[in-house]
Amino acid sequence: MEDYFKTNEDDAIRIGNSHFQDWNDYPANYWYSGFDSYKTKFTVDDRNAYGYVQSNSNGYIPSENYFITVNGHQYSVSIGDASFKNKNKILFSPIDTSWLDYGERHYVTLEVRSKNTKYHTYVVDGGYLYKSPYSGKVYLEFAVPFNDFGEYGEDVNRSTTWNFNQKDNYGDGIDFEGASTLAIIPVVFAVIFVGIGLRKNKKYLSNLRKVKIN
(Lines give C-alpha, C1' and ligand atoms only; values in the text may rest on other atoms or scores of the structure.)
Protein backbone atom coordinates (compact mmCIF):
# COMPACT_ATOMS: atom_id res chain seq x y z
CA MET A 1 0.00 0.00 0.00
CA GLU A 2 1.44 3.36 -1.03
CA ASP A 3 1.41 5.79 1.84
CA TYR A 4 3.44 8.95 1.33
CA PHE A 5 3.47 11.57 4.05
CA LYS A 6 1.28 14.52 3.13
CA THR A 7 1.20 17.92 4.78
CA ASN A 8 -1.96 19.72 5.86
CA GLU A 9 -2.48 23.47 5.95
CA ASP A 10 -3.12 23.36 9.69
CA ASP A 11 0.01 21.32 10.49
CA ALA A 12 2.26 23.02 13.02
CA ILE A 13 5.18 22.28 10.66
CA ARG A 14 4.55 21.79 6.94
CA ILE A 15 7.39 19.48 5.99
CA GLY A 16 9.18 20.82 2.91
CA ASN A 17 6.44 23.33 2.12
CA SER A 18 7.57 26.27 4.23
CA HIS A 19 11.34 25.75 3.80
CA PHE A 20 11.83 25.73 7.58
CA GLN A 21 10.05 29.06 8.16
CA ASP A 22 7.42 27.34 10.32
CA TRP A 23 10.10 26.79 12.98
CA ASN A 24 10.90 30.48 13.47
CA ASP A 25 8.77 30.96 16.59
CA TYR A 26 9.84 27.77 18.36
CA PRO A 27 12.58 27.84 21.04
CA ALA A 28 15.93 26.37 20.04
CA ASN A 29 18.12 23.94 21.92
CA TYR A 30 21.81 23.39 21.18
CA TRP A 31 23.29 19.90 21.19
CA TYR A 32 27.06 19.67 21.51
CA SER A 33 29.70 17.18 20.38
CA GLY A 34 33.25 18.23 21.10
CA PHE A 35 33.68 21.63 19.47
CA ASP A 36 30.63 21.12 17.26
CA SER A 37 27.14 22.38 18.02
CA TYR A 38 23.78 21.60 16.45
CA LYS A 39 20.68 23.73 16.69
CA THR A 40 17.63 21.56 17.43
CA LYS A 41 13.90 22.00 18.00
CA PHE A 42 10.95 19.72 18.76
CA THR A 43 7.19 20.17 18.84
CA VAL A 44 3.91 18.32 18.34
CA ASP A 45 0.41 19.21 17.18
CA ASP A 46 -2.77 17.14 17.18
CA ARG A 47 -1.53 14.59 14.62
CA ASN A 48 2.30 14.60 14.32
CA ALA A 49 5.53 14.92 16.28
CA TYR A 50 8.16 17.12 14.60
CA GLY A 51 11.94 17.34 14.86
CA TYR A 52 14.38 19.93 13.53
CA VAL A 53 18.19 19.75 13.36
CA GLN A 54 20.59 22.31 11.90
CA SER A 55 24.24 21.46 11.30
CA ASN A 56 27.21 23.65 12.03
CA SER A 57 29.29 24.97 9.14
CA ASN A 58 30.77 21.54 8.33
CA GLY A 59 27.40 20.38 7.01
CA TYR A 60 27.17 17.22 9.14
CA ILE A 61 24.13 15.99 11.02
CA PRO A 62 23.36 12.46 12.23
CA SER A 63 21.00 10.37 10.13
CA GLU A 64 20.31 7.63 12.66
CA ASN A 65 18.99 6.99 16.15
CA TYR A 66 17.05 10.07 17.06
CA PHE A 67 14.89 8.95 19.98
CA ILE A 68 11.32 10.09 20.58
CA THR A 69 9.85 8.78 23.83
CA VAL A 70 6.05 8.98 24.19
CA ASN A 71 4.68 8.27 27.68
CA GLY A 72 7.73 6.10 28.35
CA HIS A 73 7.53 4.21 25.03
CA GLN A 74 10.75 4.78 23.10
CA TYR A 75 11.07 4.94 19.31
CA SER A 76 14.18 5.49 17.23
CA VAL A 77 13.94 7.59 14.07
CA SER A 78 16.44 7.37 11.22
CA ILE A 79 16.44 9.32 7.96
CA GLY A 80 17.39 7.86 4.61
CA ASP A 81 16.11 6.04 1.55
CA ALA A 82 14.32 2.72 1.42
CA SER A 83 13.38 0.16 -1.22
CA PHE A 84 12.12 -3.39 -1.46
CA LYS A 85 14.89 -5.94 -0.98
CA ASN A 86 12.47 -8.76 -1.71
CA LYS A 87 8.79 -9.48 -1.15
CA ASN A 88 8.96 -9.39 2.64
CA LYS A 89 12.01 -7.26 3.48
CA ILE A 90 12.90 -3.60 3.25
CA LEU A 91 16.38 -2.32 2.49
CA PHE A 92 16.89 0.96 4.34
CA SER A 93 20.04 3.07 3.96
CA PRO A 94 20.77 6.13 6.11
CA ILE A 95 21.69 9.10 3.95
CA ASP A 96 25.10 10.78 3.96
CA THR A 97 24.47 14.52 4.09
CA SER A 98 27.95 15.21 2.71
CA TRP A 99 26.67 13.95 -0.66
CA LEU A 100 24.21 16.81 -0.90
CA ASP A 101 25.15 19.49 -3.42
CA TYR A 102 25.04 23.10 -2.35
CA GLY A 103 21.44 24.25 -2.71
CA GLU A 104 20.10 20.69 -2.99
CA ARG A 105 16.73 19.83 -1.45
CA HIS A 106 16.01 16.19 -0.74
CA TYR A 107 12.99 14.39 0.70
CA VAL A 108 13.82 11.31 2.75
CA THR A 109 11.99 8.34 4.23
CA LEU A 110 11.84 7.86 7.99
CA GLU A 111 12.40 4.50 9.60
CA VAL A 112 10.61 4.45 12.97
CA ARG A 113 11.56 1.53 15.21
CA SER A 114 9.79 0.60 18.42
CA LYS A 115 12.15 -0.36 21.23
CA ASN A 116 9.61 -2.79 22.73
CA THR A 117 8.31 -4.51 19.59
CA LYS A 118 9.64 -5.86 16.30
CA TYR A 119 7.66 -3.44 14.18
CA HIS A 120 9.29 -0.92 11.86
CA THR A 121 7.23 1.89 10.45
CA TYR A 122 8.28 3.71 7.27
CA VAL A 123 7.06 7.26 6.73
CA VAL A 124 7.75 8.00 3.07
CA ASP A 125 8.85 11.60 2.42
CA GLY A 126 8.36 12.36 6.12
CA GLY A 127 11.75 14.12 6.25
CA TYR A 128 13.22 17.03 4.32
CA LEU A 129 16.91 17.97 3.92
CA TYR A 130 18.43 21.14 2.52
CA LYS A 131 22.03 22.26 2.10
CA SER A 132 22.59 26.01 2.02
CA PRO A 133 24.40 27.20 -1.13
CA TYR A 134 26.03 29.96 0.93
CA SER A 135 27.05 28.56 4.32
CA GLY A 136 27.12 24.82 3.55
CA LYS A 137 24.93 24.17 6.59
CA VAL A 138 22.50 21.28 6.35
CA TYR A 139 18.94 21.59 7.66
CA LEU A 140 16.65 18.68 8.55
CA GLU A 141 13.00 18.62 9.51
CA PHE A 142 10.81 15.55 9.90
CA ALA A 143 7.35 14.51 11.07
CA VAL A 144 6.17 11.25 12.64
CA PRO A 145 2.37 10.83 12.64
CA PHE A 146 1.03 9.52 15.94
CA ASN A 147 -0.36 6.42 14.21
CA ASP A 148 3.14 5.56 12.93
CA PHE A 149 4.54 5.02 16.41
CA GLY A 150 4.63 1.23 16.59
CA GLU A 151 2.03 -1.25 15.40
CA TYR A 152 -1.00 0.51 16.83
CA GLY A 153 0.13 4.12 17.11
CA GLU A 154 0.11 6.23 20.26
CA ASP A 155 -2.97 7.57 22.03
CA VAL A 156 -1.95 11.19 22.59
CA ASN A 157 -3.67 13.75 24.83
CA ARG A 158 -2.89 16.87 26.84
CA SER A 159 -1.17 14.82 29.54
CA THR A 160 1.17 13.02 27.14
CA THR A 161 4.88 13.31 27.97
CA TRP A 162 7.53 13.55 25.24
CA ASN A 163 11.29 13.42 25.04
CA PHE A 164 13.44 14.14 21.98
CA ASN A 165 16.98 12.83 22.20
CA GLN A 166 19.80 11.16 20.29
CA LYS A 167 21.56 7.85 20.87
CA ASP A 168 24.99 9.13 21.83
CA ASN A 169 23.98 12.16 23.85
CA TYR A 170 25.40 13.02 27.26
CA GLY A 171 22.31 14.89 28.43
CA ASP A 172 18.63 14.38 29.15
CA GLY A 173 17.18 15.51 25.83
CA ILE A 174 14.26 17.85 25.29
CA ASP A 175 11.15 17.17 27.40
CA PHE A 176 7.66 18.38 26.50
CA GLU A 177 4.17 17.79 27.79
CA GLY A 178 0.97 18.11 25.80
CA ALA A 179 -0.94 17.06 22.70
CA SER A 180 -1.14 20.22 20.60
CA THR A 181 0.95 23.31 19.97
CA LEU A 182 -1.15 25.22 22.51
CA ALA A 183 -0.58 22.65 25.24
CA ILE A 184 3.15 22.07 24.90
CA ILE A 185 5.36 23.05 27.82
CA PRO A 186 9.15 22.91 27.29
CA VAL A 187 10.92 21.48 30.32
CA VAL A 188 14.54 20.50 29.62
CA PHE A 189 17.03 21.73 27.01
CA ALA A 190 20.26 19.79 27.42
CA VAL A 191 21.56 17.27 24.88
CA ILE A 192 25.03 16.28 23.70
CA PHE A 193 25.85 13.68 21.06
CA VAL A 194 28.77 12.28 19.14
CA GLY A 195 28.95 11.68 15.40
CA ILE A 196 27.39 8.78 13.55
CA GLY A 197 28.63 7.23 10.31
CA LEU A 198 26.33 7.76 7.33
CA ARG A 199 25.71 6.07 4.00
CA LYS A 200 24.06 7.13 0.72
CA ASN A 201 21.35 5.34 -1.20
CA LYS A 202 18.93 7.07 -3.59
CA LYS A 203 16.23 4.39 -3.77
CA TYR A 204 12.80 5.28 -2.41
CA LEU A 205 10.21 3.11 -0.71
CA SER A 206 7.19 2.97 -3.01
CA ASN A 207 4.81 1.13 -0.74
CA LEU A 208 4.41 -0.99 2.42
CA ARG A 209 4.05 1.15 5.51
CA LYS A 210 4.75 -1.27 8.36
CA VAL A 211 6.86 -4.40 8.42
CA LYS A 212 7.28 -6.97 11.16
CA ILE A 213 10.86 -8.22 11.28
CA ASN A 214 10.99 -11.88 12.22
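## Salt bridges

A salt bridge is a side-chain nitrogen of Lys or Arg within 4 Å of a carboxyl oxygen of Asp or Glu. Side chains of opposite charge can pair when their charged atoms come close. The structure described here is a predicted model, in which local features need pLDDT of at least 70, side-chain atom pairs count only at pLDDT 80 or more, and totals for chains, interfaces and linings use all residues. Residues are numbered from 1 along each chain as its sequence is written, and side-chain values use heavy atoms, with hydrogens and water left out.

In the whole structure, 5 salt bridges are found. One of them joins Arg 113 to Glu 111, with 3.1 Å from N to O. Accessibility is classed by relative accessible area: buried is under 20%, exposed is over 50%, and partly exposed lies in between (1.4 Å probe, protein chains only). Glu 111 is buried, at 6%, whereas Arg 113 is partly exposed, at 36%.

Glu 9 counts as exposed because its relative accessibility is 68%. Arg 14, at 26%, is partly exposed, and Asp 22, at 16%, is buried.

## The nonpolar core

In soluble globular proteins, nonpolar side chains tend to be buried together. A nonpolar core is a set of buried Ala, Val, Leu, Ile, Met, Phe, Trp, Tyr and Cys residues joined through side-chain atoms within 4.5 Å. The largest such core has 44 residues, and Ile 68, Leu 129, Phe 149 and Trp 162 have the most contacts inside it. Strand β9, residues 138-145, gives the most to this core, with 6 residues. Strands (E, at least two residues) and helices (H or I, at least four) are DSSP runs, numbered from the N terminus.

Contact means heavy atoms within 4.5 Å. Leaving aside neighbours within four places in sequence, Leu 129 is in contact with residues including Ile 61, Ile 79, Ile 95, Val 138, Tyr 139 and Leu 140. The partners of Leu 129 also include Glu 104, Arg 105 and His 106.

## The largest pocket

A pocket is an open set of points on a 1 Å grid over the protein atoms alone, where a 1.4 Å probe fits, with protein on both sides within 12 Å along at least five of seven lines; lining residues have an atom within 4 Å of a point. The largest pocket has a volume of about 160 Å³, a volume being the space filled by probe spheres set on the points, which are joined across faces, edges and corners.

Strands β2 (36-44) and β3 (48-54) are the elements that give two or more residues to the lining of the largest pocket. Among the lining residues are His 19, Trp 23, Lys 39, Lys 41, Tyr 52, Gln 54 and Tyr 130. By class, this lining has 5 nonpolar, 4 polar and 2 charged residues. Ala, Val, Leu, Ile, Met, Phe, Trp, Tyr, Cys and Pro count as nonpolar, Asp, Glu, Lys and Arg as charged, and the others, Gly among them, as polar.

## Loop residues with positive phi

Asn 65 is not a glycine, yet has a positive phi of about 65°. Asn 65 is found in the loop between β3 and β4 (66-70) and is partly exposed, at 21%. Asn 71, in the loop between β4 and β5 (73-84), has a positive phi of about 50° although it is not a glycine. Asn 71 is partly exposed, at 34%.
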